[in-house]
Structure formats: structure tokens, C-alpha cells
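I opened this notebook to record what I looked up in one model. The entries follow in the order in which I made them.

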Amino acid sequence: MYGWIWRHLPGNTLVRAVLALLLVLGVVYLLFQYVFPWAEPLLPFGDVTVDGGADAG
């Protein structure tokens, strides 16, 4: 997959590297701004139970 992307980017190696970096940064931005906030309520990470009973210490 990465080879396919690399072959389809225009320009020489330097231009391709900059474009690839911009693509990665764009994907990370989209994940943090839209995908992760949308998916967070669907994940069980907030349902943590801590036992504070007598044998907890």
C-alpha cells in the first residue's frame, strides 16, 4: 500500500517525502479531530470499577 502511494505521488524524492509527510499529518489530524471523538463514547474505557473494599490496602 505504501509503495502504491509513493509511486503515485508527483515529483522527485524530496517532493514525495514532503507530500507523504503532509498526508500522514492530515490523516492524524482527521483521526484526532473527528474519528476519535466520535468513537470515544462507544468504547468501554470510561467504565472502570475500582474496588475500595477492606482488602484494598
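**Helix α2 and its start**

I began at the start of α2, where a side-chain oxygen of asparagine 12 comes to within 3.3 Å of the backbone nitrogen of leucine 14. I note that the model is predicted.

I then looked up the extent of α2, which covers residues 13-39, 27 residues in total. From its first C-alpha to its last, α2 reaches 36 Å, close to the 39 Å expected at 1.5 Å a residue. I also checked α2 for bending and found a kink of about 40°, centred on leucine 31.

**Aromatic pair**

I searched for aromatic pairs and found one in the structure. Its members are phenylalanine 32 and phenylalanine 36, in an edge-to-face arrangement with 5.2 Å centre to centre and 90° between the planes. I recorded that these two phenylalanines are separated by about one helical turn, because they lie four residues apart in helix α2. An α-helix has 3.6 residues a turn, so residues three or four places apart point the same way.

**Largest pocket**

I looked up the volume of the largest pocket, which is about 160 Å³. I listed its lining as Met1, Tyr2, Ile5, Trp6, Leu9, Ala20, Leu23, Val24 and Val27. Which element gives the largest share of this lining? I found that α2 does, with four residues. Both α1 (2-8) and α2 supply at least two lining residues each. Sorted by class, the lining has nine nonpolar residues, with no polar and no charged ones.

Conventions:
Residues are numbered from 1 along each chain as its sequence is written. This is a predicted model: local features need pLDDT of at least 70, side-chain atom pairs count only at pLDDT 80 or more; totals for chains, interfaces and linings use all residues. Side-chain values use heavy atoms; hydrogens and water are left out. The expected span of a helix is 1.5 Å times one less than its number of residues. The bend at a residue is the angle between axes fitted to the seven residues ending there and the seven starting there. A polar contact is a pair of N or O atoms within 3.5 Å; within protein, one must be able to donate a hydrogen and the other to accept it, and residues adjacent in sequence count only if both atoms are side-chain atoms. On a 1 Å grid over the protein atoms alone, a cavity is a set of points where a 1.4 Å probe fits but cannot get out, and a pocket is an open set with protein on both sides within 12 Å along at least five of seven lines; lining residues have an atom within 4 Å of a point. Grid points are joined across faces, edges and corners, and a volume is the space filled by probe spheres set on the points. Ala, Val, Leu, Ile, Met, Phe, Trp, Tyr, Cys and Pro count as nonpolar, Asp, Glu, Lys and Arg as charged, and the others, Gly among them, as polar. Rings of Phe, Tyr and Trp (its six-membered ring) pair if their centres lie within 6.5 Å; planes under 30 degrees apart count as stacked, over 60 as edge-to-face and the rest as tilted.
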